[in-house]
Amino acid sequence: MGLDFDILEHCRKVRADHGPPYTCPIEKCCRTYKSVCGLQYHLKSFDHNNPNAQALTPQTSKNKKGRPRTTATIPQPTLPTAPEPLTYDEAQKIIQLEINGEIVRININESLDVHSKEDFPDDDVKPAFEPEPSISLPEAVFKKLDNYNICDAPPRPNAYIRFIEKSAEELDGEVEYDVDEEDTAWLSIMNEKREAQGLAPVSVDSLELLMDRLEKESYFQAAVNGQTGSVVDDDAVCCICMDGECQNTNVILFCDMCNLAVHQDCYGVPYIPEGQWLCRRCLQSPSRAVDCVLCPNQGGAFKQTDRGHWAHVVCALWIPEVRFANTVFLEPIDSIETIPPARWKLSCYVCKQKGVGACIQCQKTNCYAAFHVTCAQQAGLYMKMDTVKDSGDAQPVLVQKTAYCDVHAPSDTDCVKEDSRQKMKQVRKLLAKKRNFVPIILIPTIPPERIQEIASLVTITKKSQFIQRLIAYWTLKRQYRNGVPLLRRLQSAQGGPRDSNTGSVDIIELCRQLKYWQCLRQDLERARLLCELVRKREKFKLEYIKATERCLNVELRPLQASLRKVLDLISAKDTNDIFSEPVDLEEVPDYLSVVSDPMDLSTMRVKLDVGNYPNLTAMEKDFDLMIANCLAYNNRDTVFYRAAIKMRDQCGAIFRQAQKEFEESGLVNPIENLQASSVGNEESLASDIDKELEDLQVFRTVKCLSSFFSLLSHLTYF
């Protein structure tokens, strides 16, 4: 009847989309029905191409019983049938061709140029499967030397083979001070004045010796007077996360200069350093105080930004727009310029400062309380970070940050809501006191007799005058550096009395053990680096072996390599992985009753690896078997049936193109291919004939049964 759609599918779709009335989808008909059954009967029985021809069905009275009356059929004049409607391409006068697996549409009115095959040489044709370039294997080159003997290594001292750090007693006798630009400028000025007075200049070595002895003597005097460095507190907490717990892989580190306490993970220290450890502020700016660009408070764990400024690590963690360029070492801090201007204009309700730094806000809905991160830490507000791990291992770990003001803090926290206003006042005073606090710089004094001993180490004219000016210069330099020692070793060393008469044996034993463990640690580190290099070498060797294997497969078995490429293209067409694995017999128990020889892409790949495909025709035969099995078992309205039709249409062009390229490259003999194709065509023709005979036999059986039932009905009537 000329319908190009499935009637059952259309009725189901119409019932699911809307209710009655249901309109006929044919534009010229447009009849409406109250039920889907009526619409379905109309689409099946009504001839839309010839609407005037109506079949008259016999009607029987429902109220009267007896013999059915036959009504005479009124002969209708035969009307000429309407011609079959044209398709869109036919209406546009366009023909569609398939050339080299591509669909080409040509208008019948266009003029086409005729070219002979000689006009296009074979070199211009680019094959779809370009062969891989041949890779030549490297060849080893060696030369054999006669009478070659490896000489023994000359004996060397232990210090030449491995580095042994010097003890503190040994370093005290050496000159550790190195002059800088300030020292050189000051010494040049002093030498100019001495030259004007006719005195000999002072050498740089003499200046280094005197400065070194002044530094060490001041350090020893401070140790004797009890002005030692700050003592490590066992109950100290991390100034970033405010947590005092630590693990073996995340210990709390203390800065040897400012006694800052931070976790390894919080400050970005993946490995515990040997010897002293200094925070970034003490390492890069030991003498000058730094300010945070994100808050008005000083002190704490600082890191540098990408613009050369400084910022608290905790501020960078809590402000959402700020990032770390290196997430392992947590430095430098970047993306500060992406902070919106509205965040810079917020007013902190803790310190009552506006426009200084960037603030965060309370997480409570409709609460606009803003506060600096460090101010919130000092005030004891509720601030918590929780790690949210995703189900997949490859997904990154997300961090959920929650911060509340003192009014909306959860009830299970330690925040006391009754006296929150009084507490905020105390915190505000404490923060203002810390900002205005000026550190006390203690410059230890050196006794005069010790100064005379130091001056006796050098021989210069007018020594006392030069020593007085040198002490004044050294004192100013220490004050400029906030009392920090000029020697790096003394910045972190804990002061102690210089007298070492008591317990000298224990100290020597401890030094010996310390040297032993340091050497052992260095040897273990070298072993670890060696193992890492061996692992990388074996990884590169494995990749090289795999590449060599692929090259040999292409050289020794080019047909199998080409067939593997064809199979990869076929697998790429199976986007839903319907044919990638064998059919699960537990889900489909009756599959073997319909399909006697199952086939799938994984089985084809196994057969290809074993070498069961001597040519492309054998692979194509298994592919056709796989498609035939799917079409035989599944109904036409299933997704598997449609997928099989799609695979057959798409992969047919792949096989034709591959066959053409195999013949051009010499991988397939055209005569053998013709014989194989003829045999395959004969088998397919025989199977088609058997199928037609079966259909004809079934049709004859149905026709005989219909005649038998018609005769039986007449006999019953009489």
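**Close-up views of a predicted model**

Figure 1. Leu556 is exposed, with a relative accessible area of 68% (exposed is over 50%, buried under 20%, partly exposed in between, with a 1.4 Å probe and protein chains only). Welcome to a predicted model, in which local features need pLDDT of at least 70 and side-chain atom pairs pLDDT 80 or more, while totals for chains, interfaces and linings use all residues. Residues are numbered from 1 along each chain as its sequence is written, and side-chain values use heavy atoms, without hydrogens or water. Leu556 belongs to helix α17, which covers residues 504–556 (helices, H or I, of at least four residues and strands, E, of at least two are DSSP runs, numbered from the N terminus). Together with Leu137, Tyr544, Ile545 and Leu552, Leu556 makes a nonpolar surface patch of about 510 Å². Patch residues have over 30% relative accessible area (Shrake-Rupley, 1.4 Å probe) and no salt bridge, with nonpolar side chains joined within 5 Å.

Figure 2. Glu538 is partly exposed, at 35% relative accessible area, and Lys541 is partly exposed at 42%. The whole structure holds 20 salt bridges.

Figure 3. In helix α1 (residues 7–17), Glu9 and Arg12 sit three residues apart, about one turn of the helix. They form a salt bridge, with 3.6 Å between the closest N and O atoms. Glu9 counts as partly exposed at 37% relative accessibility, whereas Arg12 is exposed at 52%. In helix α14 (residues 448–455), Arg450 and Glu453 are likewise three residues apart, or about one turn. Their salt bridge brings the closest N and O atoms to 2.3 Å from each other. Arg450 has a relative accessibility of 22% and counts as partly exposed; Glu453, at 40%, is also partly exposed.

**Figure 4. A salt-bridge network.** Which residues are linked in a network of salt bridges? They are Glu176, Asp212, Arg213 and Lys216.

**Figure 5. The largest cavity.** How many cavities of 30 Å³ or more does a search of the whole structure find? The answer is four, and the largest has a volume of about 80 Å³. A cavity is a set of points on a 1 Å grid where a 1.4 Å probe fits but cannot get out, and lining residues have an atom within 4 Å of a point; its volume is the space filled by probe spheres set on the points, which are joined across faces, edges and corners. Met190, Lys193, Arg194, Gln197, Leu199, Lys462, Gln465, Phe466 and Arg469 line the largest cavity. Helices α6 (181–196) and α15 (463–480) are the elements that give two or more residues to this lining. By type, the lining of the largest cavity divides into three nonpolar, two polar and four charged residues (Asp, Glu, Lys and Arg are charged; Ala, Val, Leu, Ile, Met, Phe, Trp, Tyr, Cys and Pro nonpolar; the others polar).

Figure 6. Most residues other than glycine have a negative phi, and most peptide bonds are trans. Asn147 is not a glycine, yet Asn147 has a positive phi of about 55°. Asn147 lies in the loop between β4 (102–107) and α4 (158–161) and is exposed, with a relative accessible area of 78%. Lys352, in the loop between α11 (341–344) and β11 (360–361), also has a positive phi, of about 60°, without being a glycine. Lys352 is exposed, at 58% relative accessible area. For the peptide bond, turn to the step from Glu331 to Pro332, which is cis, with omega near -10°. Pro332 is in the loop between β9 (323–324) and β10 (333–334).

**Figure 7. Lys364 and Tyr404.** Lys364 and Tyr404 are 40 residues apart in sequence, while their C-alpha atoms are 6.8 Å apart in space. Lys364 is found in the loop between β11 and β12 (370–371). Is Lys364 partly exposed or buried? Lys364 is partly exposed, with a relative accessible area of 42%.

Methods:
1 Å grid on protein atoms, 1.4 Å probe; cavity = no way out; pocket = protein on both sides within 12 Å on 5 of 7 lines; lining within 4 Å. Patch = residues over 30% accessible without salt bridge, like charges linked within 9 Å, V, L, I, M, F, W, Y side chains within 5 Å. Salt bridge = Lys/Arg side-chain N within 4 Å of Asp/Glu carboxyl O.
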